[in-house]
Amino acid sequence: MTTFKSDFLNILQSRGFIHQCTDAEALDAQACAGTITAYSGYDATASSLHAGHLVQIMMLYWLQKTGHRPIVLMGGGTTKVGDPTFKDTQRPLLTDEQIQSNMDGIKSVFTNFLTFGNGPTDAIMVNNNDWLSEFGYIEFLRNFGTHFTINRMLTFDSVKLRLEREQPMTFLEFNYMLMQAVDFRELNSKYGCVLQMGGSDQWGNIVNGVELTRRLNQKPAFGLTTPLLTTASGAKMGKTLGGAVWLNADALSPYDYWQYWRNAEDADVGKFLKLFTDIPLDEIARLEKLQGAEINEAKKILADAATRMVHGEAAAQTARDTAQKAFEQGVLSADLPTVEIARSDLEASIMLAALATQIGLTQSNGEARRLAQGGGLRVNDAAITDGNQNITLNDLNSDGVIKVSQGKKKIVLVRPV
């Protein structure tokens, strides 16, 4: 393992953020010599970022914590093209209004991680549409097209793998890596940005930006990527059976967000504590050693810290209290996930398997039946082993809801309307 002298790279290394880096020794020297500026970019393909984006957000967090300046780059321009990296089909093209709406939703999460302002280490947020939209097509090609060869572009995995799978890549998408490279050059020119950070799937695009910036600006430029992050069982980080683990509270409640981390696999607890919290490493080392039932306490600490960073202290505490009351004390709370279904469905009766699927506890009726047979489905805390059993209005409890649980991990309240 490389030993770094700068606090910034040393922290990233010790917490598991670094996968690849261009000229790490020179970057380390710059970070030791004074304040550096670095950026990470986010295309506005949805109204919220998800847990898969957290690694890059946390790198910006540690960048600022160690005395450097972060730039959050909103991809108002690149979203119009769509990143083809490791995609089999072109992304749907969004309107300017949809892109702006998505950016408005994305921006809020960064204020929980970064301090924005005009100081030397204060974060700034910029939109690449501000310069990409100003280029005329011929001007863009003349200024930047001559610095990229088709031969080299075809060697990058983002292009090569698409072609190997015989999936078409449009000329529009082919321009994406040029646009991302121009972003780095612009940020270097305007803000003295010397480092682009991203996921390992962005390595080719980042290298292009580094080379273009060095060639045109004659200034130092570096790229750094994080490892491809999966759970211990191989699932993609930030995804669940129910969909993406969104960071915005209006897309996923703080309670469900807390539960995502609480339900982490045992083998992932230490890794997640290092990457997604600011808990000191010596405390993480202690928590990693917990075994058996004690590991659940470490998971609660992970859930508390991860939720606090995204949603704040109050929301994290409420989520933990809600979970404790629901799972340990059997007390229902208005903060529990609630799904409304038509009263007529319960009047006519609905099979438990169909209900569990309808409210998102399972992906299919077959999965629900298997889960019930193994004792994994409960209605009002009573195990029901027959997934075909009918649920009716008679199952409403004194609070006027039906409590449906999947094991000890998920609770959904069903409310007839």
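A: The answer below begins with the helix pair and then turns to the strands. This is a predicted model, in which local features need pLDDT of at least 70, side-chain atom pairs count only at pLDDT 80 or more, and totals for chains, interfaces and linings use all residues. Residues are numbered from 1 along each chain as its sequence is written, and side-chain values use heavy atoms, with hydrogens and water left out.

Two packed helices are described by the angle between their axes and the distance between the axes. The axes of helix α13 (residues 269-276) and helix α14 (residues 281-288) cross at roughly 160 degrees and come within 9 Å; axes are lines fitted to C-alpha atoms over the stretch in contact, with angles from 0 to 180 degrees between N-to-C directions. Helix α13 is therefore roughly antiparallel to α14, a term for angles over 145 degrees. In contact (heavy atoms within 4.5 Å), Gly-270, Leu-273 and Lys-274 of α13 meet Leu-281, Ile-284, Leu-287 and Glu-288 of α14. By class, this contact has four nonpolar, one polar and two charged residues; Leu and Ile count as nonpolar, Lys and Glu as charged, and Gly as polar.

Among the strands (DSSP runs of E, at least two residues), β2 (residues 37-43) has five of its seven residues buried, meaning under 20% relative accessible area with a 1.4 Å probe, protein chains only. Strand β2 runs parallel to β3 (residues 69-75), joined by seven bridges, and Thr-37 has Arg-69 as its bridge partner in β3.

Terms used
Helix = DSSP H or I, 4+ residues; strand = E, 2+ residues; numbered from the N terminus. Parallel < 35°, antiparallel > 145°, perpendicular 65-115°, else oblique. Buried < 20%, exposed > 50% of the residue type's maximum accessible area, 1.4 Å probe, protein only. Pairing = 2+ DSSP bridges.
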